[in-house]
Protein chains: 2
Amino acid sequence: MDGEHNGIDICNDDNSDQRRHSPGMEAVVHKVVAPPKQSTVKKIKGKLKETFFPDDPFKCFKGQPARKKWLLAVKYFFPILDWVPHYTLSLFKSDLLSGLTIASLAIPQGISYAKLASLPPIIGLYSSFVPPLVYAVLGSSRDLAVGPVSIASLIMGAMLRQAVNPSTDPTLFLQLAFTSTLFAGMFQASLGIIRLGFIIDFLSKATLVGFMAGAAIIVALQQLKGLLGITHFTKEMGIVPVMISVVRTRNEWSWQTVLMGTWFLSFLLLTRHLSIKKPKLFWVSAGAPLASVIISTLFVFFFKAQDYNISVIGKLKSGLNGPSLDKLLFDGTYLGITMKTGLITGIISLTEGVAVGRTFASLKGYQIDGNKEMMAIGLMNIVGSCTSCYVTTGAFSRSAVNHNAGCKTPMSNVVMAITVMVTLLLLMPLFAYTPNVVLAAIIIVAVIGLIDIQAAYHIYKMDKVDFLVCICAFLGVIFISVQEGLAIAVGLSIFRILLQITRPKIEILGNIQGTDIYRNLHHYREAKRIPGFIILSVEAPINFANTNYLNERIRRWIEEEQSAENRATSLQYTILDLSSVIAVDTNGLAFFMDLKKTIAKYGLELVFVNPVGEVMEKLQRANELHNFFGTDSLFLTISEAVMSLSSFIKLSP
Amino acid sequence: MDGEHNGIDICNDDNSDQRRHSPGMEAVVHKVVAPPKQSTVKKIKGKLKETFFPDDPFKCFKGQPARKKWLLAVKYFFPILDWVPHYTLSLFKSDLLSGLTIASLAIPQGISYAKLASLPPIIGLYSSFVPPLVYAVLGSSRDLAVGPVSIASLIMGAMLRQAVNPSTDPTLFLQLAFTSTLFAGMFQASLGIIRLGFIIDFLSKATLVGFMAGAAIIVALQQLKGLLGITHFTKEMGIVPVMISVVRTRNEWSWQTVLMGTWFLSFLLLTRHLSIKKPKLFWVSAGAPLASVIISTLFVFFFKAQDYNISVIGKLKSGLNGPSLDKLLFDGTYLGITMKTGLITGIISLTEGVAVGRTFASLKGYQIDGNKEMMAIGLMNIVGSCTSCYVTTGAFSRSAVNHNAGCKTPMSNVVMAITVMVTLLLLMPLFAYTPNVVLAAIIIVAVIGLIDIQAAYHIYKMDKVDFLVCICAFLGVIFISVQEGLAIAVGLSIFRILLQITRPKIEILGNIQGTDIYRNLHHYREAKRIPGFIILSVEAPINFANTNYLNERIRRWIEEEQSAENRATSLQYTILDLSSVIAVDTNGLAFFMDLKKTIAKYGLELVFVNPVGEVMEKLQRANELHNFFGTDSLFLTISEAVMSLSSFIKLSP
């Protein structure tokens, strides 16, 4: 903060200037020019391209003959054509193994998740049959294992139960589920088609960590019904009503169910722990759920445990998915709730699917086109809604198993689908004796993986505001509701961005002695003030949201600098470094004119440094109308501005 | 795009480096350091201060004795104490003149605006009596003329009419109006108290221009009822239903009313035109409304025009405002609508009041504290709601007249209030014969000033997106509804900001020959690529909303650069200039690590330049955990990075 009298004088800079330029170059000061002219149409085209096609998907079409273009287009929409022509037996061996492994996980999880969504268990199996086949044709991820997932099931169930009671009106509930799935698919596909996929980016990592953990706890709490054998369970989801309901119904608890539940829960947790410790043994935890189902079913069957207060799934119809096109309901009464449910489950499942796809793609070093994935997931759900499936996506846990089991192509999804098909055709009667408590245990163990304490700690270490967002999502989900918790977290994240714009940083810069580098005085101690100048750098776009703030804040900077003591030279120039100002709007332009007047009131002159691209263009256009700055108050670098202006600096008497 | 072989070689830079440093300095490369350590508490305190107290309102309290502090605090809350002690007779002369002038405008406008809000005309006069007195004590603007305004009246009427029919249930309607006013006041005052006044900044100039013009048209259309003498007018506000209603009721049109309306409308427009041409004759247009009221009233009285299809106001009760505390209604049925109405009229009227205050303050060269103004306007409405007033604020047109008439202090509001008081006590019987058509003409002429075509054209010239926002606000207001038009425009403005963050600019930089300046290659033709390097500058905070985009986009830059032909030197370094990256979150930190890996896949090394303050801190913290970059890949300036690394560049064979 001191050091104005440390001997740098202006001549020094003049010398450095001569030193800096190669001999023979006349121009001492570089002119700031507007960027090369572009027509408005071209500019808009460029902006639209950056917004919607940042990945330049048409690159490979350029300069190709028409026939090739068609072929490429077909390949673009059907990624299966990329790998089927080169498919080999050895690839199939890997895919067969991984397909069977994820099938063993998909069958018990499918049944469990359908129950979580208050749907008949068989819908969970249907949803593990058709969508994986569709994804195998359209999807570009090699690792994604497709099927129903816990959080989307939870949300769909919770939202639809607000409109219809699934136990008194199961047919209508099912119709609403299919219709919501259709809307989810249409929403997902259209996000991909109109290339607005970046909307899912607004679910930041912090939001997702908090949300997932909260949802996992809500899902686990719902399983207390199955785990304790309660028959009259609350319909609410929050932690408080569920715990109250659990305590109130303690006379319904069945010790046989609790005993069985504890046993299988311990078994599943143990296998999970083993697989985490030794990743090579991934198949232990992958096979454990199916093993639990088989063991518990046999147990119930042989010991007639259903007579001892242990509830079982009951008879399931054999056979494949029927068409469900006639079950789609566009009745005005329920249109609102199905669209809302579709939108929310759609965006949540899309986020999970794309995130999982990206994670494994980056592990294996290939790339995923987010928009294409959205179309694939969307179409999969549209087709699903017409074939008795509810909302599906790429599941994290099963994709991880798929990856560990060595899958090579989406063929593993086909293998899984065929296995599920065989189950649907032949093995359905066996599930009649499967106890519900085992399904509850399977869900609990599956969702435990969604609670990522390490990630939360990492966020806490890195960024306190992000951690706040994370905690808000978590608490919002468990205490208010799943949707509102998510909305709060997204709102907070966006508010944070807006706050950064509304209260942009203004840095006061100083010169690092002996160089022409200017850096923040409060960051670099070597940086020293230049007598007579106040050098400010604005670090945000200047627009309606911050012009009032900037005006006040810059005024305060100047007052503070002017009132500082021990100043031999009075302030004469305010240099505004615009390098980081990437955009201005009309409010911003008005701000520049106001600022010039404000600064003049303090007896100072305003100088702009390095307005970039669009900003320079707009400044120039505004200047044509209002003529508020001359070319002598525009410089390319701070050091050139200081150098040129320092000869005008008068020393105070 | 060419020019890699233009003879700059790396030695050149090495030389320039030696030239750049003063003799005797050893350090060739400056170290990037973290900013001085601050405790988390101190950091949070600093951020909160910048967010909520950017104007540093406690500055004047510092180092003062306790008694002085008290005095200053009282002065802070009662700005009247600033000017009353120095008040002189000559100041009063000016204030008397301007006060009488605005009173002559306030009386007819008050009656008209109350009718616009479907309230009894006398409420408009009440609202021009108490609130100005409150503002005179609490307000800090010297020019603001306080009273009811057209747009807030329009919105309040439109919103409350959705809940209650003012013609069948006038008492309830009045109660709702007072209650909404209370909520508006509470909302406004609390924005000021919790210092969230920046919320009104989100109404950008473009939004306001479009919104005001749309609202003016809606208000003017409503006056067709009075102007044509229609009795069965539609309750809707949109341009389409109003025009349909006007045509359908053409048999109700009264030619006497139309004649009288046209006459007074022409008279008022003429005086307005005159005052615009010759600003010194401002009193002509200021006095014209009152003159019209007097002339038309006398005309009706003497010619018994009310018998010829010309509707008149009718008998008005004399006397001052009664208390209305007992009329505030917190009934559950109407709580929602009154709160919503209060919120929207509150924010709209606050925006108008603060904007008007700021405009005239900047004309006269004094300052206005936005948060203090909000408290003043809020308290004025709270007091108003208890004394039979509806929502008031600083009106633009009357403030302009006040300013032109030479007002010096808020005393002009007191003069106006006293004039209105005299009117209320003595002159009310005279208004019984005032024809409604004159009030319609007065409103139309008053709102014409809100349509600012010049401003819209200016916005069009400066910024096309802003113009789009403006047009959306305009069309939304006239075709959908006033509130929704506003919401669309605000939503668009915020979406634009988010889009700037979601699709940040990445610039590719080149060296301006013979200097160490690096600028955008596509902006400065003098800037040339440095062989072996790709230098990118990211121009936004890096966070969840843009990490996916940045990753893809940077990959594309590298691919494009690598595939460019005629390259003697293969790319070896990617320099990422972080000067403009003002913040990162946890997603951003993960992005840096990902990017390093991605870039390594292309055989390139990643180098960071000039991470500022918080970004440097977080990078360091992330590096402690993950150790993903060394100190040798961190530089203070691009030119130092190029200089240090260029010795490692290998020329292609």
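Leu509(B) has Ile535(B) as its bridge partner in β6(B). This is a predicted model: local features need pLDDT of at least 70, side-chain atom pairs count only at pLDDT 80 or more, and totals for chains, interfaces and linings use all residues. Residues are numbered from 1 along each chain as its sequence is written, while chains are lettered from A and ligands numbered from 1 in the order in which they are written.

**Strand β3 of chain B**

- β3(B) covers residues 506-512, and five of its seven residues are buried, so the strand is largely enclosed by the rest of the structure. (Buried means 20 or more other C-beta atoms within 10 Å of the residue's own, with C-beta atoms placed from the backbone; strands are DSSP runs of E, at least two residues, numbered from the N terminus.)

**Partners of β3(B)**

- β6(B), residues 533-538, pairs with β3(B) in the antiparallel sense over four bridges. (Strands pair if DSSP finds at least two bridges between them.)
- β4(B), residues 518-520, is antiparallel to β3(B) over three bridges. Here Leu509(B) stands opposite Asn520(B).
- Five residues separate β3(B) and β4(B) in a hairpin. Gly514(B), in the turn, has a positive phi of about 80°.
- β5(B), residues 527-528, also pairs with β3(B) in the antiparallel sense, over two bridges. Ala527(B) is the bridge partner of Ile512(B).

**Two copies**

Technical notes:
Buried ≥ 20, exposed ≤ 12 C-beta atoms within 10 Å, placed from the backbone.
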